[in-house]
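The following questions and answers concern the protein displayed below. Please consult the sequence and the model while reading.

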Amino acid sequence: MDGGKKVWVPHPSQGFKLGRIIDIGADTITVEPFDAPGSAISAAYDRVYPAEEYDNKDVEDNCALMYLNEATLLNNIRIRYTKNHIYTYVANILIAVNPYFEIPDAYSSATIKKYQGKSLGTMPPHVFAIADKAYRDMRSLKMSQSIIVSGESGAGKTESTKYILKYLTESWGTHAGPIEERIVESNPLLEAFGNAKTVRNNNSSRFGKFVEIHFNDKNAVAGGFISHYLLEKSRICVQGPEERNYHIFYRLCAGAPEDTRKKLGLTSPDNFHYIGRGCTQYFCQNDTEKKLAQDRKSKQLKGNISKSKVSYFKQGFPY
């Protein structure tokens, strides 16, 4: 690297800072940050990365960067995020950044139609493009395909999985028939009994799941199967000060019909030993009744209409 060259240098709070080289030593490179003229940051040779020519230019695929390294990759994702472009490719891998708000029309039926049958890279990066590629590869290669959704807590794994299921069932299902409904409506039930508020995420999945979508010989959705494992059972008994037990208990306390409340003896969550020791505030109060209705509907769709709903909730409520 030459003196005066534009580079990225590590920074303890901002990750990397953009600057220019002012000194090259035997073991370190000294850089003057552009946003702090007169100051200097020294770093080892292998931690200083060359920067792109244009500071605010973004690309849809990180592989299109002139210099592909940790700093330029993160900067490209950051620039796209500020423009509400939460998806970025690295070849055929999709990076998704949780926006923590709903982007209008990002997952609408019209958007689904735009991605149907399109090769990866011909449309802007999107989770629908990954789902479509998996479907087309399954159809052409006659082999099962897998989509791995990974990330830290709060990254958006659960939501991404929902949108993949939505794309496949809406595109290649029979327009919300019984099978597609069961697949899609199973999510609220799984989340009610398997998701909880943590310090980092209000809807954290506390279990792992493997979702299978089955297709028939006409390449249409024919069924599905969800395997769940490693549920965090200790959360039933103990929660941290800023965390909660599983959603279903609080939804019952907040949104159950009056007759159900009387039969179950429901009052405030603070009055119950197993759910009153963590954070008991209703962070999703506005749609609690809607979500509780979804939970009941999901159970019906799974073929258990004849069972008493009260007995069903009693079995799950920790007194």
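Q: At which residues does UniProt place the feature "binding site"?
A: The model is predicted: local features need pLDDT of at least 70 and side-chain atom pairs count only at pLDDT 80 or more, while totals for chains, interfaces and linings use all residues. Residues are numbered from 1 along each chain as its sequence is written, and side-chain values use heavy atoms, with hydrogens and water left out. UniProt positions follow the numbering used here, feature names are shortened, and annotations may be inferred rather than shown by experiment. According to the unreviewed UniProt entry, the "binding site" comprises Gly-151, Glu-152, Ser-153, Gly-154, Ala-155, Gly-156, Lys-157 and Thr-158.

Q: Is Glu-152 buried or exposed?
A: Glu-152 is located in the loop between helix H3 (127–141) and helix H4 (157–172); helices (H or I, at least four residues) and strands (E, at least two) are DSSP runs, numbered from the N terminus. Buried means under 20% relative accessible area, exposed over 50%, and partly exposed in between (1.4 Å probe, protein chains only). Because its relative accessible area is 52%, Glu-152 counts as exposed.

Q: Which residues does Thr-158 touch, not counting residues up to four places away in sequence?
A: Thr-158 belongs to helix H4, and because its relative accessible area is 13%, Thr-158 counts as buried. A contact requires heavy atoms within 4.5 Å. Not counting residues up to four places away in sequence, Glu-152 touches Lys-157 and Arg-200. With that exclusion, the residues touched by Thr-158 are Glu-191, Asn-195 and Ser-205.

Q: What percentage of the residues of the protein count as buried?
A: The protein contains 10 helices and 11 strands. Its accessible surface is about 17900 Å², of which carbon and sulfur atoms hold 53%; such areas come from the Shrake-Rupley method with a 1.4 Å probe, and for residues only the protein chains shown count as cover. Of the 319 residues, the buried share is 40%.

Q: How many residues of helix H7 are buried?
A: Helix H7 spans residues 247–255 and is mostly covered. Its buried residues are His-247, Ile-248, Phe-249, Tyr-250, Arg-251, Leu-252, Cys-253 and Gly-255. The count for helix H7 is therefore 8 of its 9 residues.

Q: Which strands stand at the edges of the open sheet of 5 strands?
A: The order of the open sheet is S4-S3-S2-S1-S5, with antiparallel pairing. Each edge strand has a single partner strand, so one side is left without a neighbour in the sheet. These edge strands are S4 (41–44) and S5 (49–50).

Q: In S2, which residue is the bridge partner of Trp-8?
A: Two strands pair if DSSP finds at least two bridges between them. Strand S1 (residues 6–11) and strand S2 (residues 15–24) pair in the antiparallel sense over 6 bridges. The S2 bridge partner of Trp-8 is Leu-18.

Q: With which side chain does the side chain of Lys-17 make a polar contact?
A: Lys-17 lies in strand S2 and counts as buried because its relative accessibility is 12%. A polar contact is a pair of N or O atoms within 3.5 Å; within protein, one must be able to donate a hydrogen and the other to accept it, and residues adjacent in sequence count only if both atoms are side-chain atoms. At 3.5 Å, the partner of the Lys-17 side chain is the side chain of Asp-35.

Q: Which element gives the most residues to the largest nonpolar core?
A: A nonpolar core is a set of buried Ala, Val, Leu, Ile, Met, Phe, Trp, Tyr and Cys residues joined through side-chain atoms within 4.5 Å. Of the 25 residues in the largest such core, Tyr-107, Val-127, Phe-128, Tyr-167 and Leu-168 touch the most other members. The elements giving two or more residues to this core are S6, helix H2 (109–115), H3 and H4. With 7 residues, the element that gives the most is H3.

Q: How far does the backbone oxygen of Tyr-107 lie from a polar atom of the side chain of Lys-166?
A: Lys-166 is in helix H4, and because its relative accessible area is 28%, Lys-166 is partly exposed. Leaving aside neighbours within four places in sequence, the contacts of Tyr-107 include Ile-86, Tyr-163 and Lys-166. From the backbone oxygen of Tyr-107 to a polar atom of the Lys-166 side chain, the distance is 2.6 Å.
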